[in-house]
Amino acid sequence: MRTPEELTVRFRERGLKVTPQRQAVFRALHDNHTHPTAESVYAEVSEQMPTISLRTVYQTLNDLAGMGEILHLELGTGSARFDANVEDPHHQHLVCDGCGMVRDVSADVGSVRVRDGLPPGFRVSGTDIVVRGLCRRCATA
Ligand SMILES: [Zn+2]
Ligand SMILES: [Zn+2]
């Protein structure tokens with residue numbers, strides 16, 4: 001993911017307003033590998049910036065996703081997750097069904113073959129797999 005400074009420039013180039021609140025969202029996402037929900041970004045940012053609204057956090061995350069700066073993921077954990085790892089767009093995800101932990105994994109899915117049902121002329125651009133299970137803490141709880 002780009003640095004908060006680079007994101008500020010890119011937002012301004014697109015005519016989007018950059019407020020201190022939005023910059024706090026940029027900082028919260030930078031180097032964040034937890035695939036946070038909007039609510040958890042809000043919880044973190046509102047500690048330093050009590051005036052920020054959940055709506056502003058949502059709007060900023062949606063703008064970032066629309067620009068391809070982060071990924072919007074639906075992994076069946078109950079809320080959308082936001083992924084700052086766009087450097088490796090082909091990575092896959094591991095999900096703990098107990099606590100909702102999400103981690104990046106590399107899986108070799110290049111050899112997946114669709115046996116049946118592919119419409120004629122359909123060009124496959126990718127294959128997503130989600131590795132589900134329980135983390136050690138959830139498995140022993
Ligand atoms: Zn867990
Ligand atoms: Zn990821």
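The four donor atoms around the zinc ion (ligand 1) subtend angles of 101 to 117 degrees, and the arrangement is therefore tetrahedral. Four donors count as tetrahedral if all angles lie between 85 and 135 degrees. Donors here are N, O and S atoms within 2.8 Å of the metal (3.2 Å for Na, K and Ca), and sites may look incomplete because water is not among the atoms.

Colleagues, a word on the source. This is a predicted model, in which local features need pLDDT of at least 70 and side-chain atom pairs count only at pLDDT 80 or more, while totals for chains, interfaces and linings use all residues. Residues are numbered from 1 along each chain as its sequence is written, chains are lettered from A and ligands numbered from 1 in the order in which they are written, and side-chain values use heavy atoms, without hydrogens and water.

Which residues coordinate the zinc ion (ligand 1)? They are C96, C99, C135 and C138, each through its SG atom, at 2.2 to 2.3 Å. Along the chain, these donors follow the spacing C-x2-C-x35-C-x2-C.

Is C135 buried or exposed? C135 counts as buried because its relative accessibility is 14%, whereas C99, at 41%, counts as partly exposed. Buried means under 20% relative accessible area, exposed over 50%, and partly exposed in between (1.4 Å probe, protein chains only).

Technical notes:
Tetrahedral: all angles 85-135°; square planar, octahedral: opposite > 155°, others 65-115°.
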